[in-house]
Amino acid sequence: MLKQVINFYRVSIPKPCSGESFADTKRRMKYLKWSTFLAATFGYGMYYVCRLSLNVVKKPIVEEGIFSETELGIIGAVLFFTYAVGKFANGFIADRSNINRLMTTGLLVSALANLCLGFTNSFFLFAILWGISGWFQSMGAASCVVGLSRWFSNKERGSFYGFWSASHNIGEALTFIIVASIVSVLGWRYGFFGAGMVGLIGTLIIWFFFHDTPQSKGLPAVNQTKEKGEMSADEAADYNKAQKQVLLMPAIWTLALSSAFMYISRYAVNSWGVFYLEAQKGYSTLDASFIISINSVCGIVGTVFSGLISDKLFGGRRNVPALIFGLMNVAALCLFLLVPGAHIGVDILAMILFGSSIGVLLCFLGGLMAVDIAPRNASGAALGVVGIASYIGAGLQDVMSGILIEGQKTVVNGTDVYDFTYINWFWIGAALLSALLATFVWNVKPKG
């Protein structure tokens, strides 16, 4: 049984070239490349809808007395921790897997978990289902990055990685708009039902349009000088050597730590931003979700142009824009958190700056800078190292934020009143540390 499962997820067996003309081969390659890229982008965006659904419904859940803020923080952290371990493991696995089947499986299980969440009030069952979703969520990014490595040449990688990274923001925007609208009309349980249905649609898109390797379609490999068959013992040893080299590179771990602090600030807003605007500034669930969604929409601009800007203006170096947008992230959080009162213009401006900066940082710190300096055949492993650190940071953030928010809550005339002072400096300090750590790998050279 186990052998059958392993064989099911193995890299597709190469097919012999069809003997078609060069023009037909080129045309078919172009179609399959774009099919894979678009399926990765929109499919992974739908992964995010299933991952962020909880963030929209926190305030209604607290108001109904289902869970406390601390319990919600623990539940959120369970997903991040299982996702972190899973992203590390699946980063290594994806390098040697059929990425179509791996990515389809991940979104299918996550979507089913969301559908189940709408039926439970149990803290332990809720945490277990959310943790299961986290593990299978981790199959998405690694599959996409390996797919980009298999289908796009080295010269194309930065630009297409930047475009693909917009999937994060597409998913976030869909969550904060679609799920929030459903919750406002039908209640928090239907938010999970809606997210689950979006995930099932994404599963079909990935299955039919996200392709494993060019060789499996009878096409030549993109990044190899000659066509290869099944992996030989020497080639397997090369994979092992490259992945071990990734684990021993201090620069990879420095980037991973920088990304971890960036993820604290990122998920502070994504996990608790709607709650913050409702509790601190008095916005409704729909208005608060709309404001937070602006950062996701603006993040698309940041991610789309991040690779192009670094490739065209900085010769493929990511360090200068990483520092610039890291400091912009700090400024945006200060504007969002330290200006008292509900000023919708100020809050929208803060989300524009925050989204644009996080969009770039997700592309650079969240993967591309590590992929750039890692051995070419260990891009999934590099992403795994950064991923486990990033989501451990996100998980710790959710626990700490939940504890600090509930710990600074008082009840005045039957109304919950929150003091976010400690939370504000926690989130802003993390963003500042991320920007500083990124400067430590300023002159690191790629390993090939």
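Biologist: Which residue forms a salt bridge with Asp-398?

Modeller: This is a predicted model, so we are reading computed values. A salt bridge needs a Lys or Arg nitrogen within 4 Å of a carboxyl oxygen of Asp or Glu. The closest N and O atoms here are 3.6 Å apart. The partner of Asp-398 is Lys-58.

Biologist: How many salt bridges are counted between domain 1 and domain 2?

Modeller: Start with the bounds. The domain assignment gives domain 1 as 25-221 and domain 2 as 245-447. Between domain 1 and domain 2, the count is 1 salt bridge.

Biologist: Which helix gives the largest share of the side of domain 1 that touches domain 2?

Modeller: Several helices give two or more residues to that side of domain 1, among them H2 (22-56), H4 (69-94) and H7 (154-186). The largest share is 19 residues. They come from H7.

Biologist: How many nonpolar residues are on that side of domain 1?

Modeller: Sort the residues by class. There are 16 polar and 8 charged residues on the side of domain 1 that touches domain 2. The nonpolar residues number 27.

Biologist: What area do domain 1 and domain 2 bury between them?

Modeller: First, the contacts: 51 residues of domain 1 touch 58 residues of domain 2. Then the area. Carbon and sulfur atoms carry 65% of it. The buried total is about 4500 Å².

Biologist: Which three residues supply more than any other three of the area that domain 1 buries against domain 2?

Modeller: Their share is 16% of the area on the domain 1 side. The three are Glu-69, Phe-80 and Phe-176.

Biologist: Which residue meets Arg-27 in a salt bridge?

Modeller: A search of the whole structure finds 5 salt bridges. In this one, N to O is 2.6 Å. Both residues lie in helix H2, 3 residues apart, about one turn of the helix. The partner of Arg-27 is Asp-24.

Biologist: Which helix has the lowest mean pLDDT among the elements of the protein chain?

Modeller: The chain has a mean pLDDT of 84, and 91% of its residues reach 70 or more. Helix H5 (residues 99-117) has the highest mean, 95. The lowest mean, 63, belongs to helix H9 (residues 233-247).

Definitions and conventions: Residues numbered from 1 in each chain as written. Predicted model: local features only at pLDDT ≥ 70, side-chain atom pairs only at ≥ 80, totals over all residues. Heavy atoms only, no water. Domains from an automatic or database assignment. Contact = heavy atoms within 4.5 Å. Buried area = accessible area lost by both parts, 1.4 Å probe. Salt bridge = Lys/Arg side-chain N within 4 Å of Asp/Glu carboxyl O. Helix = DSSP H or I, 4+ residues; strand = E, 2+ residues; numbered from the N terminus. Nonpolar A, V, L, I, M, F, W, Y, C, P; charged D, E, K, R; others polar. pLDDT = per-residue confidence, 0-100.
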